[in-house]
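Thanks for coming. I will talk about charged side chains and how they pair up in one structure. Please have a look at the structure now.

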Amino acid sequence: MTSNSEQDMSPHQTHHVVALIFDDYETLDLHGPIEMLGRVQTDEVTTVITLVAEKDIISSSQGTRILADRRISDTISCDLFMTIGGMGTRTEVHNQKLLSWIQQQCEVSEKVFTVCTGSALLAKADVLDGIPATTNKLAYDWVTSLNDKVLWQRKARWVNHGKFLTSSGVAAGTDASLAYIAERFGYAQAKHVEKLTEYIWNDNADDDPYA
């Protein structure tokens, strides 16, 4: 795996993102951040994205289908591990096999990133105990009821604490992914991706109009 320091990056380094997907995931939770993260392609860095799931074909809440790259039978050492949200999290929080895999995957990931109710999965897997975190404000009461050992933050667009980056509902994940890019590759790189995608980035983690 790689260092947190932008200066430590060697030429032509691979930046590996692993994203967990499951049935009834929220489309923008995945594809918003992936759009931003996938834009990090420079002379020094190539971003590779791997989608992992319990089966080959996954359907979103909006009905679109996507093909997983790998099954969750093994963990994958990576720079960024992302868990997303959606109605499917209501089922997956009871999936002990998946929760066990999440625990192990977090151990081999340099940074862990949740979007929306993706934080519910980490909370149930007990990896957020004692960690400041946030989630979708419309589902806030449900998510926070799953684990009272997490230091839940009601008003936050995203919370970046050490290894863990958790974001609020849906589009907040796109903002948080740009914040991650800024942290890892520099603010100029994040602004470059913002310009390429014609996206208006809320770069203030405390600006949470939906709390």
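Asp-79, Glu-110 and Arg-184 are joined in a network of salt bridges. A salt bridge here is a side-chain nitrogen of Lys or Arg within 4 Å of a carboxyl oxygen of Asp or Glu. This is a predicted model, where local features need pLDDT of at least 70 and side-chain atom pairs count only at pLDDT 80 or more, while totals for chains, interfaces and linings use all residues. Residues are numbered from 1 along each chain as its sequence is written, and side-chain values use heavy atoms, with hydrogens and water left out.

Arg-184 bridges to Asp-79, with the closest N and O atoms 3.1 Å apart. Arg-184 sits in helix α6 (residues 172-185) and Asp-79 in strand β6 (residues 78-83), 105 residues apart. Helices (H or I, at least four residues) and strands (E, at least two) are DSSP runs, numbered from the N terminus.

The other partner of Arg-184 that I will mention is Glu-110, at 3.0 Å from N to O. Glu-110 lies in strand β7 (residues 109-114) and Arg-184 in helix α6, so this pair ties together parts 74 residues apart in sequence.

Are Arg-184 and Glu-110 buried or exposed? Both are buried; that means under 20% relative accessible area, with exposed over 50% and partly exposed in between (1.4 Å probe, protein chains only). Asp-79 is buried as well, at 4%.

Next, Glu-183 forms a salt bridge with Lys-111, at 3.3 Å between the closest N and O atoms. Glu-183 is partly exposed at 42%, whereas Lys-111 is buried at 6%.

Over the whole structure, the search finds ten salt bridges.
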